[in-house]
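Hi everyone, thanks for making time this morning. I'd like to walk you through one structure, going from the whole chain down to a single residue.

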Amino acid sequence: MAQKATIYKVELSVSDMDRHYYETHNLTVAKHPSETDERLMVRILAFALNAHEKLEFSRGISTDDEPDIWQKSLSGELELWVSLGLPSEKIVRQSCGKAKKVVVYCYGGRTAEMWWEKIQNKTTRFDNLQVINFSEKDTSELALQASRSMRLQVNIQDGDVMVSVDSSIVYVTQIKWKSADH
């Protein structure tokens, strides 16, 4: 019998001084049985970094043709495609063709660095692609904060990210491997 997803209730308060975005999102996040706490927390962080009233989680891990997070216009066009981990060059190419802007958030230390070394030269033609890496230390610390009911405060200023969960604070450094040209 297949395992069911675990439901997480998240109150996510975002204070993004860089984008002048200040909102609280009450999220219900389904954690796939194969998903780690680290990936779950990176997914929530990616949501905070791109927070918008139209931003939403997709069906995620179980579907190859959807990102982890997306934002659509009122007419249904894909404005933002957010992927986590180390997508194949084919998936990066397809997503860049489908969405106005694509952001890939990598994590996993040396494995992520090796992925980037392999795929980097094949991504230069994609002006709408941004690739950001999180250090293994930062994402491991975030994973320790995961619980079924969370209140997160994410503060973003000058690209610096501070995540507060209860009395714990995790500072997350975004390492930009590729910037989108628009």
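Before the surface figures, one definition: accessible areas here come from the Shrake-Rupley method with a 1.4 Å probe. On that basis, the protein chain exposes about 9700 Å², and carbon and sulfur atoms supply 47% of that area. Please keep in mind that this is a predicted model.

Let's stay with the whole chain for a moment. What does the secondary structure consist of? The protein chain has four helices and 11 strands. The radius of gyration is 16 Å, close to the 16 Å from the globule rule for 182 residues, so the chain is as compact as a globular protein of that length.

How much of the chain is buried? Buried residues account for 49% of the 182. As for contacts with a separation of 6 or more, 56% of them link residues 24 or more positions apart.

Five strands form an open sheet in the order 2-1-8-9-10, and the pairing is mixed. At the edges sit strand 2, residues 21-31, and strand 10, residues 168-172, each pairing on one side only. Neighbouring strands in this sheet are turned by 20° against each other on average, ignoring direction. As a reminder, strands of a sheet pair through backbone hydrogen bonds, in either a parallel or an antiparallel way.

Let's zoom in on one pair. Strand 8, residues 149-157, and strand 9, residues 160-165, are antiparallel partners over six bridges. Within that pair, Gln 153 stands opposite Ser 164 of strand 9.

Which helices meet the sheet? Helix 4, residues 136-143, packs on it and touches strand 9 and strand 10; the direction of helix 4 makes about 155° with that of strand 10. Helix 1, residues 37-49, lies across strands 1, 2, 8, 9 and 10, and helix 1 runs at about 150° to strand 2.

Is Ser 95 buried or exposed? Its relative accessible area is 3%, and the cut-off for buried is under 20%, so Ser 95 counts as buried. And what does Ser 95 touch? Leaving aside neighbours within four places in sequence, Ser 95 is in contact with Trp 81 and Val 102.

That's my tour, and I'm happy to go back to any of the views.

Methods:
Residues are numbered from 1 along each chain as its sequence is written. This is a predicted model: local features need pLDDT of at least 70, side-chain atom pairs count only at pLDDT 80 or more; totals for chains, interfaces and linings use all residues. Side-chain values use heavy atoms; hydrogens and water are left out. Two strands pair if DSSP finds at least two bridges between them. Helices (H or I, at least four residues) and strands (E, at least two) are DSSP runs, numbered from the N terminus. Axes are lines fitted to C-alpha atoms, for helices over the stretch in contact, and angles run from 0 to 180 degrees between N-to-C directions. Contact means heavy atoms within 4.5 Å. The radius of gyration is taken over C-alpha atoms; the globule rule is 2.2 Å times the number of residues to the power 0.38. Buried means under 20% relative accessible area, exposed over 50%, partly exposed in between (1.4 Å probe, protein chains only).
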